[in-house]
Amino acid sequence: MNGNLVLYREDLLPYSETFILNQGESLRQFTPYYVGTRRVDGIATPAERTIVLDHRTPLGRSEELLYKATGFSPQLLRRVRAVQPLLLHAHFGFDGAMVLPLARRLRRPLIVTFHGRDATMRDEYLKRAGSLRERRLVAWRSRLIREGALFIAVSEHIRRQLLDQGFPHEKVVTHYNGIDTRFFTPEPGTPPAAEPTVLFVGRFVEKKGAFYLLRAMHAVQRLVPEARLVLIGDGPQRPALEALAQQLGLRCAFVGKQPLGVVREHLRAAWVFCLPSVTASNGDTEGLPTVLLEALATGLPTVTTASAGNPEAVRDGETGLVVAERDETALARALVRLLRDESLRCRLALAGRRAVEQGFDAERQARGLEALYLRVLGQTLSEVGRQPARTRMEG
């Protein structure tokens with residue numbers, strides 16, 4: 001089957017969401033159109049296949065406000081209808097709730113991928129402090145469950161969360177995001193940095209656990225004084241993290257957001273990657289962080305926590321080391337062990353690369369995603385075929 005589909009994301013497209021573009025551009029049987037409310041400073045989607053409301057004009061701002069309040073925008077409906085999508089695929093449950101009225105008006109099936117916080121944050125927190133779209137997911141969850149065609153969880157952890165919320169077993173599947181294993185590769189013959197370097201990549205928010213990493217590195221540098229920490233990313237916790245690093249006297253560098261190519265070079269140069277994820281106070285957790293897969297694919301030995309979906313990619317003692325959430329002593333011990341043991345680093349590097357090639361390659365995962373699309377479309381056609389002829393002719 002060849003046809004168009006909508007990949008929906010309210011904001012197109014934050015730096016941290018490379019997986020959405022990778023997924024879309026890896027499709028073979030479908031042509032993706034990237035649809036949302038507005039463009040943001042981040043990853044560029046193909047201009048000829050991007051549909052957003054133009055908030056720079058008074059009319060565009062009015063349409064955006066109307067759309068966010070009611071789920072209806074005449075301009076968005078007209079432009080999306082023109083490309084005749086076979087289905088809509090929303091990323092994040094919050095966006096699935098927002099785009100549900102559009103899917104209903106188009107009479108096309110809606111698939112929603114849940115990535116993490118959209119499946120784990122507590123409803124009471126979302127009702128009190130959430131954004132409009134976060135509150136809408138809470139209010140419309142039962143409607144989304146009823147009208148959505150399929151719900152994709154990016155890890156078994158997220159799948160369990162959805163089932164606990166009442167999503168039906170037959171509508172929920174686990175499908176891992178893939179990464180480009182041709183881009184994220186080890187660099188043969190290139191030695192790692194001269195200094196023993198630990199690398200962190202991620203947003204500076206509670207669930208990423210960066211404070212625990214800084215305190216663990218304080219212990220690491222007492223045992224491995226030449227060790228250095230590099231942190232790539234940005235976020236609301238950055239000023240407090242920088243203050244703590246200075247207070248502890250750490251050898252570390254905060255280098256801010258970086259393009260994907262620069263991130264890859266840091267991954268290739270580091271000795272160890274560390275993502276000490278935790279469950280945030282509002283329930284927010286990881287789904288399965290893409291950066292873990294990128295680190296494993298580049299042959300970088302990885303330390304993470306037994307949080308959410310992380311152990312589904314990093315298997316303790318096989319493809320990396322896994323410690324308990326918030327255990328700074330165990331985190332420091334794992335980092336020191338890897339920094340001191342070159343043979344262990346080499347063994348984990350080879351196993352990690354092999355695991356990503358087998359289970360998380362973008363091309364392979366795209367074929368599986370297309371199979372899910374075809375399954376949904378087959379079900380939709382069967383349901384239409386069972387309806388009375390008069391009903392099929394309506395609209």
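## Strand E1 and its neighbours

Strand E1 and strand E3 (residues 30-36) run parallel, joined by 6 bridges. This pairing comes from a predicted model. Within E3, valine 35 is the bridge partner of tyrosine 8.

E1 also pairs with strand E6 (residues 85-91). These two run parallel as well, with 4 bridges between them. In E6, tyrosine 8 has alanine 90 as its bridge partner. E1 itself spans residues 3-8 and is mostly covered. Of its 6 residues, 5 are buried.

The largest nonpolar core holds 58 residues. Met217, Phe273, Val303 and Leu335 have the most contacts inside it. Helix H13 (residues 328-340) supplies the largest share of this core, with 8 residues. A second core is separate and has 40 residues. Among them are Ala90, Val99, Leu102 and Ile145.

Which residues does phenylalanine 273 touch, leaving out those up to four places away in sequence? The list includes Leu199, Phe200 and Val201, along with Leu267. Val291, Leu292 and Ala295 are also touched by phenylalanine 273.

## Cysteines

The disulfide count is 0. A disulfide here needs two cysteine sulfur atoms within 2.5 Å. For cysteine 252, the nearest cysteine sulfur belongs to cysteine 274 and is 13 Å away. Cysteine 252 is partly exposed, at a relative accessible area of 25%.

Cysteine 346 is in no disulfide either. Its nearest cysteine sulfur is that of cysteine 274, 19 Å away. Cysteine 346 counts as partly exposed, at 44% relative accessibility.

Terms used
Residues are numbered from 1 along each chain as its sequence is written. This is a predicted model: local features need pLDDT of at least 70, side-chain atom pairs count only at pLDDT 80 or more; totals for chains, interfaces and linings use all residues. Side-chain values use heavy atoms; hydrogens and water are left out. Buried means under 20% relative accessible area, exposed over 50%, partly exposed in between (1.4 Å probe, protein chains only). Two strands pair if DSSP finds at least two bridges between them. A nonpolar core is a set of buried Ala, Val, Leu, Ile, Met, Phe, Trp, Tyr and Cys residues joined through side-chain atoms within 4.5 Å. Contact means heavy atoms within 4.5 Å.
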